[in-house]
Amino acid sequence: MFELFLPMLERLGIIVTVAFIITRFRFFRELIDRKALNRKQHYMAIAFFGLFGIIGTYTGITYDTQSFEFGSWAYELNESEAIANSRVIGIVAAGLFGGYRIGAGAGLIAGLHRFSLGGFTGLACGISAIVAGIIAGFFHKKDQPLKLKTALLVGGLAETIQMGIILGFAQPFERAWELVQEIGLPMIVANGLGSALFLLIIRNVLNEEEKAGALQAQKALKLAESTVSHLRQGLTENSAQKACQIIYEEVGVSAISMTDKEYILAHVGQADDHHQAGSTIQTLATREVIQKGEMVIAGHRDISCDHTGCPLGAAVIAPLKRKNETVGTLKFYVRSEKEISNVLIELIQGLSALLGQQLEIAEAEKAQELAREAEVKALQAQVNPHFLFNSLNVIVSLTRTEPDRARSLLIALSKFFRQNLGATTKRWTSLAEELSHVKAYLLIEETRFVDKLHVHYDIEDQALSAKIAPLTLQPLVENCIKHGIKDQEGESEIMIQIKYLSEGVRVSVKDNGSGILPERLHHLGLEEVTSEIGTGLGLYNVNKRLELLHGKNSKLQIESEPGQGTRISFLIPHNKEEVSA
């Protein structure tokens, strides 16, 4: 019995080879990941594990119960022979990984093969192969990881049950009993260890691949983070050149290139003397990637470089997509196809996807900027044309009687519209400039209302350096005049207050007008509110821009009661530079 231990353990070397090979198959990876297999994959798994069981049979050690001699390989047995084998390992693996169907299917294939070899244990071993698959399927846990201890116990249990089946079915019983005494314990131990070893090798191989993939993902994220500031400018020659330079310094390839749909935007590395930015795309493989949106591995002929002595022998070309549309390519050049590894392919796949997301962000930011300009233009459109006509009429009426005052109003009007038009080209302005714009507007309005309108200012100079979007304050002041105090019989007052607080700069505009009805108050600033004299679009645009640029805490705060006036305020949070200063 003990002389069988060493040969059985030696046969486990085959398990190492098979375990490594099986990790290359997609259906097995699906099994490991606990994903549902389609019918084709089920059949592939059954066939593979069944073949694994057959290999375990062929590599077994024959034992003659009459001569008590061991043989090497089992091809055909006479009536007195049996096989000490590792067939059960493949069957147990099938059941543990795939469940009853795959386990029983693999057991059926391996069992029929064993029965065909003959020997007085042929029928018993054929039955036990199917039983082993069913037993292993009982221990299959779809939502839990498979443990080494489980594989060890199931492998030993399946072999133990096989010994029992041999005693029950093999005839004569005396010969079966002698066989079990001789090969039982070595097979139980060896196949239990073999099942655990099979699982251990597979787990280690897959873990190493996962680690390698994680490292590539980490590198891709690092490169994407390094290039984000450049590619957010869009896919241009300048941004592509800087991005390719960063990638080239981190990735061990011969060259990095980036294109749009028609031209080479950048090429960094070897062969940059003839692979130059601005040239049209010559590689057919690159055009194929742009057309189909799928990665291509190009050999030397596919690169289509006519330059004598070009060191670039192969390339991996991945699409750069923006909203599922291929807008360019990212290319990794190497000296030969031998240098193209799975790790390199995974890196360029991950990196191209991340760079594509950066291009989407760039487009979104551009759209956001256009939307901001549209909002500003919408605010400009809110300036009532009657304001211009009324202002000109006031100026004309003062030209003869008060020419100096008319001249001041004309300068104020010119300044107002100059700042109004310039708002589309600026993202930020200071509160000081915004206040100057408002004062120009109010100077005209105070004159037009002929001492009926009085404006008061409570301004802290420390707060005037705060940055704000253009045309934020003026619409609030205009709203006071247009809706709050326009038709008021008594004197109208507006208070503009700008305070420097610990949490930021508080800006408020208050009037003593007619106030706002409660049913309209909670809609203002949140949506357009249609009325006979306006739509509320001005307040809505101001509110959305404040929230977008400064955060939710900067939204307009509107306080009003009918007959008691209205107060509109907002907060500009301190930025980090202001706090540190």
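Predicted model: local features only at pLDDT ≥ 70, side-chain atom pairs only at ≥ 80, totals over all residues.
Local features required a pLDDT of at least 70 and side-chain atom pairs a pLDDT of 80 or more, while totals for chains, interfaces and linings use all residues. Residues are numbered from 1 along each chain as its sequence is written, and side-chain values use heavy atoms, with hydrogens and water left out.

Rolling a probe the size of a water molecule over the atoms shows where empty space is left. A cavity is a set of points, on a 1 Å grid over the protein atoms alone, where a 1.4 Å probe fits but cannot get out; lining residues have an atom within 4 Å of a point. Grid points are joined across faces, edges and corners, and a volume is the space filled by probe spheres set on the points. Three cavities of 30 Å³ or more were found in the structure.

The largest cavity has a volume of about 50 Å³. Its lining includes Ile89, Phe97, Ser195 and Phe198. Helix 5 (87-98) and helix 9 (173-231) each supply at least two lining residues, and the largest share, five residues, comes from helix 5. Helices (H or I, at least four residues) and strands (E, at least two) are DSSP runs, numbered from the N terminus. Nine lining residues are nonpolar, one is polar and none is charged. Ala, Val, Leu, Ile, Met, Phe, Trp, Tyr, Cys and Pro count as nonpolar, Asp, Glu, Lys and Arg as charged, and the others, Gly among them, as polar.

The second largest cavity has a volume of about 40 Å³. Arg114, Thr121 and Gln162 are among the residues lining this cavity. Strand 2 (81-84), helix 8 (148-169) and helix 9 each contribute at least two residues. This lining comprises eight nonpolar, two polar and one charged residue.

Conventions: 1 Å grid on protein atoms, 1.4 Å probe; cavity = no way out; pocket = protein on both sides within 12 Å on 5 of 7 lines; lining within 4 Å.
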